[in-house]
Amino acid sequence: MRYITAPQVHNGYGFLPSPTVIAVHEDGSIADVIPLSEVPGDASRIEQHEGMLCPSFVNAHCHLELSHLYRRIPEHTGLVEFVSRIPEVRKEDNSVLIREAVLEAARQMHDKGIIAVGDISNTTDTLGVRDRIPLHMHTFIECMGIIPDLAGKRFEASQAVYEAYKVAGGPYLRRATIVPHAPYSVSRPLLERIAAVAGTGVVSVHNQESEAEIRFFADRSGDLLQLYNALQIDTSRLDITGTSSLEYIVSGLPEKTPLILVHNTFTSEKDIAYLQYRRDNISLCLCPNANWYIERRLPDIPMLERSGFRICLGTDSLASNYGLDIYAEVLVILEHFPSIPMETVLRWATLNGAKALQMDDIIGSLEPGKRPGLNLITPDNQVVRLL
Ligand SMILES: [Zn+2]
């Protein structure tokens, strides 16, 4: 048995009274979380650290398959320009290089104290991570296509990727679901196909990431329309009139299906009011560093916090971030919104991410029987894995 302590201990819910000691079995599972006075025997056996202890982090939104695009797309282009550049830089690299970049990024993520990831995949490029990096993974097989007649073809292609990922096994969780990319990139027939296979497994979707998305749905104008026109994609048959992008996607998916809405950069109080009817199975995932990288704008995080919806954190991809580092996301939120306490944001980074990915029975909080990992945050804000 190991006994570990530090001046501050966050158990996933909040800070515990000091001094608190975490008792850990040899296999990494939590035996107990107790006051120092209740530790049996010789107190010299206790590992005493400086700083703060918390469960390992959960990265609820990532695209490991884009790791080879690190620093290949400039900052502050806006989402439409960003998305339209990805295909051209993506095809410059071969699959060996792409898969090596995936493994290296997953390794770095693990070293940054992350124990689980919700990972978006369009391809099978991230399959190698599952055998080689000790991370729980929920792979979201991303489906997109706005031409209604091609919905069947697009869905079948995603199903083929899903077949490769759905095999479970090993000591780490391996789950997969087919998910829509974003409201503006999924036709109604395609959304219906995705909804038909959606059950009680979690579905993730990009939500209200740009002003262009809001305008496209409001009156079919703006940069997205121009992009589709430039690509000679006919948007006239898109059945989106009279709805916000949020309503379009959320109402198109079964009420029983838990959702992770990612980004929410342009989400308003009115949008949040709309979501109330299914608040129990919705998580709002924030990726502030990526929002800053692409749009130079952050969501109204204090408003989202006040709404009482479950908030979790993600890094998005190395194409739009400086690292896959959840603690860096914590720090940027604290810097921009000092009214939000560290205690709250650490809950977003740990337990709430585990709940969003339906993994909170084994990770996310320091509770007996769980194997949540353990991070030490040093006084100079470095993250060190202790378990
Ligand atoms: Zn994303």
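Modeller: Let's begin with Asp125 and Arg99, whose side chains meet in a salt bridge at 3.1 Å, N to O. A salt bridge here is a side-chain nitrogen of Lys or Arg within 4 Å of a carboxyl oxygen of Asp or Glu. The pair links distant parts of the chain, 26 residues apart: Asp125 is in the loop between strand E8 (114-121) and helix H3 (129-132), and Arg99 is in helix H2 (residues 95-111). Helices (H or I, at least four residues) and strands (E, at least two) are DSSP runs, numbered from the N terminus.

Colleague: Before we go on, where do these values come from?

Modeller: This is a predicted model, so local features need pLDDT of at least 70 and side-chain atom pairs count only at pLDDT 80 or more, while totals for chains, interfaces and linings use all residues. Residues are numbered from 1 along each chain as its sequence is written, and side-chain values use heavy atoms, with hydrogens and water left out.

Colleague: OK. Is Asp125 buried or exposed?

Modeller: Asp125 is buried, with a relative accessible area of 13%, whereas Arg99 is partly exposed at 39%. Buried means under 20% relative accessible area, exposed over 50%, and partly exposed in between (1.4 Å probe, protein chains only).

Colleague: How many salt bridges does the structure hold?

Modeller: It holds 9 salt bridges. One of them joins Arg2 and Glu47, with the closest N and O atoms 2.7 Å apart. Arg2 lies in strand E1 (residues 2-5) and Glu47 in strand E5 (residues 46-48), so this pair ties together parts that are 45 residues apart in sequence. Arg2 is partly exposed at 31% relative accessibility, and Glu47 is partly exposed at 25%.

Colleague: And which residue does Lys112 pair with?

Modeller: Lys112 forms a salt bridge with Asp325, and their closest N and O atoms are 3.9 Å apart. They sit 213 residues apart: Lys112 in the loop between H2 and E8, Asp325 in the loop between strand E14 (310-313) and helix H12 (326-336). Lys112 is partly exposed, with a relative accessible area of 37%, but Asp325 is buried at 16%.

Colleague: New topic: rings! How many aromatic pairs are there?

Modeller: The structure holds 6 aromatic pairs. Take Phe216 and Phe217: their ring centres are 6.0 Å apart and their planes are at 80°, so the pair is edge-to-face. The rule is that rings of Phe, Tyr and Trp (its six-membered ring) pair if their centres lie within 6.5 Å; planes under 30 degrees apart count as stacked, over 60 as edge-to-face and the rest as tilted.

Colleague: How buried are those two rings' residues?

Modeller: Phe216 is buried, with a relative accessible area of 1%, and Phe217 is buried too, at 4%. They form one aromatic cluster together with Tyr228 and Tyr248.

Colleague: Last one: where is Tyr13?

Modeller: Tyr13 is in the loop between strand E2 (8-9) and strand E3 (20-24), and is partly exposed, with a relative accessible area of 40%. Leaving out residues up to four places away in sequence, Tyr13 touches Arg347, Leu351, Ser365 and Glu367. The C-alpha atoms of Tyr13 and Gly364 are separated by 9.0 Å, though the two residues are 351 apart along the chain.

Colleague: And what does the side chain of Tyr13 do with the side chain of Glu367?

Modeller: Those two side chains make a polar contact at 3.1 Å. A polar contact is a pair of N or O atoms within 3.5 Å; within protein, one must be able to donate a hydrogen and the other to accept it, and residues adjacent in sequence count only if both atoms are side-chain atoms.

Technical notes. Contact means heavy atoms within 4.5 Å.
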